[in-house]
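Please read them with the coordinates open.

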Amino acid sequence: MKKYFAFVLLLLFFVYPFYPSAHSENKPSQKLELEKSRDKILDYIRKNKTHFRVEDLILLDYLQRRFDLPDEFSFNRSFVRIPTPQDIKSLETYGRLVNYKGIAWKKPKQAESYIWLELKALFVDKQEDCTDKITLIRQIKEQSKRGGYETTHSALALAWFIEQRCLSVSDNDVQQLINEITHQLHSLTFSNPFPSDLKVEAMAFICYLGKKKIINPDEIYRLFSFQRDDGAFSGTGTPSEGINVHTTLLILWLALEFLNEDTVFTEPMIAGAKDKN
């Protein structure tokens, strides 16, 4: 028996040191593939962005600011068409995210239930508009427990209330809420083996909340096995089923995050929020 254990220990002694080095040797090649996939997405965007929804162009503008992408990906350089009725409605609601002044901002009277909290945050014009901390935390926490997009958009609402200075990251209660929602988002990332829109939105919002260290980079690399030849993603397990622009932009977000794995990005999504800080 002693000889058996001695053999096992000896085996572990020789095998263990080689595992980390094998992993580190593989990482540069993974990063190279990630760079190629990122460039394919950017090429797809260049060719097709004039047809994107306003909401997708606003997300693209945020990625341009967060990761210092070329100015060609900014909202002003991408939204060049005469606004349609749907564009006008979207710009009324979300125009302040990019500080778009061509159309007056207006909070909608009707919207999906899971975006009401984020709209409440977005339309805070002054500190007196902030709901009290206890109520906000309770509302965000209650919505986050419902799962699916209710959870991801709770994370978005939380981040926007922080950007609007209704909540503070230095507050212990807020930090606890960030940790709770991060855990819920992380659970959503295991919902599908393929990059569904919900899965990658959960991953992106984990990064948005400053918690990307809990994501295994291998999970990011696996997403790109579902990339289409044109650079986009379908949001399903079958790339040939079509294109989901929103999913594609979220995966670009993740690629840019993990090409800069050790960088903590703090660019606010609400363009005017910098002036408040």
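1. Start with Tyr208 and Trp253: both are buried. Buried means under 20% relative accessible area, exposed means over 50%, and partly exposed is in between (1.4 Å probe, protein chains only). Tyr62, Phe205, Tyr208 and Trp253 form one aromatic cluster.

2. A word on the source. This is a predicted model, in which local features need pLDDT of at least 70 and side-chain atom pairs count only at pLDDT 80 or more, while totals for chains, interfaces and linings use all residues. Residues are numbered from 1 along each chain as its sequence is written, and side-chain values use heavy atoms, with hydrogens and water left out.

3. The overall fold is helical. The protein chain has twelve helices and zero strands. Helices (H or I, at least four residues) and strands (E, at least two) are DSSP runs, numbered from the N terminus. Of the 277 residues in the chain, 48% are buried. The chain exposes about 14,600 Å², and carbon and sulfur atoms supply 55% of that area. Accessible areas come from the Shrake-Rupley method with a 1.4 Å probe; for residues, only the protein chains shown count as cover.

4. Contact means heavy atoms within 4.5 Å.

5. Next, the core. The largest nonpolar core has 84 residues. Such a core is a set of buried Ala, Val, Leu, Ile, Met, Phe, Trp, Tyr and Cys residues joined through side-chain atoms within 4.5 Å. Helix α12 gives the most to this core, with eleven residues. Ile45, Trp160 and Trp253 have the most contacts inside the core. Leaving aside neighbours within four places in sequence, Ile45 is in contact with Phe52, Leu60, Phe73, Leu249 and Leu252. In soluble globular proteins, nonpolar side chains tend to be buried together.

6. Thr247 also deserves a look. Thr247 lies in helix α12. At 0% relative accessibility, Thr247 counts as buried. Not counting residues up to four places away in sequence, Thr247 touches Pro195, Asp197, Val200, Phe233 and Gly235.

7. Check helix α3 (residues 54–66) for length. At 1.5 Å a residue, the 13 residues should span 18 Å, and the end C-alpha atoms are 18 Å apart, which agrees. The expected span is 1.5 Å times one less than the number of residues. Helix α3 is mostly covered, with eleven of its 13 residues buried. Among them are Val54, Leu57, Ile58 and Tyr62, but also Asp56, Asp61, Gln64 and Arg66.

8. In α5, the buried residues include Asp87, Ser90, Leu91 and Tyr94.

9. Two backbone angles are worth checking. Asp68 has a positive phi of about 55° although it is not a glycine. Asp68 sits in the loop between α3 and α4 (75–78) and, at 67% relative accessibility, counts as exposed. Asn99 has a positive phi of about 60°, and again it is not a glycine. Asn99 is found in the loop between α5 (85–94) and α6 (116–122). At 40% relative accessibility, Asn99 counts as partly exposed.

10. Now the rings. The structure holds twelve aromatic pairs. Rings of Phe, Tyr and Trp (its six-membered ring) pair if their centres lie within 6.5 Å; planes under 30 degrees apart count as stacked, over 60 as edge-to-face and the rest as tilted. Tyr114 lies in the loop between α5 and α6 and Tyr149 in helix α8 (residues 149–163), so the pair ties together parts that are 35 residues apart in sequence. Tyr114 is partly exposed, with a relative accessible area of 25%. Tyr149 is partly exposed too, at 31%.

11. Tyr208 and Trp253 form an edge-to-face pair: 6.0 Å centre to centre, 70° between the planes. This pair links distant parts of the chain, with Tyr208 in helix α10 (residues 197–208) and Trp253 in helix α12 (residues 245–259), 45 residues apart.
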